[in-house]
Amino acid sequence: MTDNNGMPDYAARLAHVKARIHAAEAWSGRLGSGARVLVATKTADADAAAAAVRAGVRIVGESRMQELEEKGEALKGAGAQIHVIGQLQRNKAAIAVRWADCVQTVDSLSLAERLSRLCVQAERDLDVMIQVNVSAEPTKAGVAPDEALALASAVQDLPALTVIGFMTIGLNSSDESAVRAGYARLTALRDEALVRSERGELPLRAAWELSMGMSSDLEWAVAEGATMVRVGTAIMGDRPR
Ligand SMILES: *Cc1c(COP(=O)(O)O)cnc(C)c1O
């Protein structure tokens with residue numbers, strides 16, 4: 001399906017993803033939870049990414065800082081909020097600070113300290129999420145679940161950064177209960193962060209976002225409480241291998 005500019009019908013694909021979210025909210029008893037859609041635009045060129053934004057996508061996720069540097073201007077120009085969703089090396093942090101509204105992949109204090117220093121220099125604030133490796137797969141980025149709240153608190157204490165929640169890349173598996181157990185773990189962490197912050201034990205009052213779920217498993221993430229799903233192929237199409 002293409003429109004007259006030869007672009008795919010991103011609006012129709014976005015509507016389809018939203019229908020999947022609503023259906024999952026309905027069967028899991030979370031109607032009205034209103035998970036938002038982030039579109040992962042890695043490998044999509046600036047024109048395609050900007051077209052998706054004009055079709056109604058509000059939040060775009062970039063994984064590679066080289067691509068972000070190339071597409072940042074077009075994405076901002078189209079009105080997108082930009083989130084960093086890929087592993088961020090300290091020496092690329094300046095690119096994130098130049099373009100991103102949120103870095104979802106903070107998994108070490110040293111990365112957060114670097115982002116904080118750069119933000120102070122640039123006289124800007126930055127939202128961040130703590131990336132948690134809920135499935136404890138050795139190859140996967142993210143802090144261990146039992147270290148996540150200590151890291152989140154230390155990050156929140158840095159100047160210019162606000163911890164707005166937690167992000168995870170789910171288990172790549174068709175085993176529903178195993179995948180959902182990982183997402184449930186992230187939700188439990190977030191709930192603990194909010195409850196303990198309410199009691200004054202932690203500084204994480206703003207940390208309510210749960211970025212979890214992708215094209216293939218977003219229903220399971222929504223059922224476990226996702227506030228934001230990250231969708232690539234279901235909207236942008238298949239990526240080149
Ligand atoms: C690419 C990517 C996604 C989207 O994956 P799809 O399977 O294409 O929906 C989600 N999260 C992260 C971190 C990604 O890199």
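These notebook entries record what I looked up in a predicted model.

**Ground rules**

I number residues from 1 along each chain as its sequence is written, and my side-chain values use heavy atoms, with hydrogens and water left out. Because the model is predicted, local features need pLDDT of at least 70 and side-chain atom pairs count only at pLDDT 80 or more, while totals for chains, interfaces and linings use all residues. Helices (H or I, at least four residues) and strands (E, at least two) are DSSP runs, numbered from the N terminus.

**Entry 1: helices α2 and α3**

Two packed helices are described by the angle between their axes and the distance between the axes. I looked up α2 (residues 46–54) and α3 (residues 65–78), whose axes come within 9 Å and cross at roughly 20°. Here axes are lines fitted to C-alpha atoms, for helices over the stretch in contact, and angles run from 0 to 180 degrees between N-to-C directions. The two helices are therefore roughly parallel to each other; angles under 35 degrees count as roughly parallel, over 145 as roughly antiparallel, 65 to 115 as roughly perpendicular and the rest as oblique. I noted a right-handed crossing of α2 past α3. The hand is right when the near helix is turned clockwise from the far one by less than a right angle, and left when anticlockwise.

Which residues of α2 and α3 meet? On the α2 side I found Ala46, Ala49, Ala50 and Val53, and on the α3 side Lys71, Ala74, Leu75 and Ala78, with contact meaning heavy atoms within 4.5 Å. By class, this contact of α2 with α3 has seven nonpolar, no polar and one charged residues. For these classes, Ala, Val, Leu, Ile, Met, Phe, Trp, Tyr, Cys and Pro count as nonpolar, Asp, Glu, Lys and Arg as charged, and the others, Gly among them, as polar.

**Entry 2: helices α6 and α7**

I next looked up α6 and α7 (residues 176–198), which pack at an angle of about 35° with their axes 11 Å apart. Their crossing is right-handed. Pro145, Ala148 and Leu149 of α6 meet Arg185, Leu189, Glu192, Ala193 and Arg196 of α7. I sorted the residues of this contact into five nonpolar, no polar and three charged.

Helix α6 (residues 145–156) also holds Ser153. Is Ser153 buried or exposed? Ser153 is buried, because its relative accessible area is 10%; buried means under 20%, exposed over 50%, and partly exposed in between (1.4 Å probe, protein chains only). Leaving out residues up to four places away in sequence, I found that Ser153 touches Leu202, Pro203 and Leu204.

**Entry 3: salt bridges**

Side chains of opposite charge can pair when their charged atoms come close. How many salt bridges does a search of the whole structure find? I counted 15 salt bridges, each a side-chain nitrogen of Lys or Arg within 4 Å of a carboxyl oxygen of Asp or Glu.

One of them joins Glu219 and Arg20, at 2.8 Å from N to O. Glu219 lies in helix α8 (residues 218–223) and Arg20 in helix α1 (residues 10–27), so the pair ties together parts that are 199 residues apart in sequence. I recorded both Glu219 and Arg20 as buried.

A salt bridge at 2.5 Å, N to O, joins Glu209 and Arg36. This pair links distant parts of the chain, with Glu209 in strand β7 (residues 209–211) and Arg36 in strand β1 (residues 36–40), 173 residues apart. Glu209 is buried at 3% relative accessibility, whereas Arg36 is partly exposed at 35%.

Arg196 pairs with Glu201, their closest N and O atoms being 3.1 Å apart. Arg196 is partly exposed at 27%, and Glu201 is partly exposed at 43%. I also noted a network of salt bridges that links Glu62, Arg64, Glu67 and Lys71.

**Entry 4: backbone and an exposed glycine**

Most residues other than glycine have a negative phi, and most peptide bonds are trans. Thr43, although not a glycine, has a positive phi of about 75°. I located Thr43 in the loop between β1 and α2, and at 33% relative accessibility Thr43 is partly exposed. Glu123 is not a glycine either, and has a positive phi of about 55°. The place of Glu123 is the loop between α5 (109–122) and β5 (126–131), and Glu123 is exposed at 75%.

Lastly I looked up Gly77 in helix α3, which is exposed with a relative accessible area of 67%. The C-alpha atoms of Gly77 and Asp146 are separated by 40 Å, and the two residues are 69 apart along the chain.
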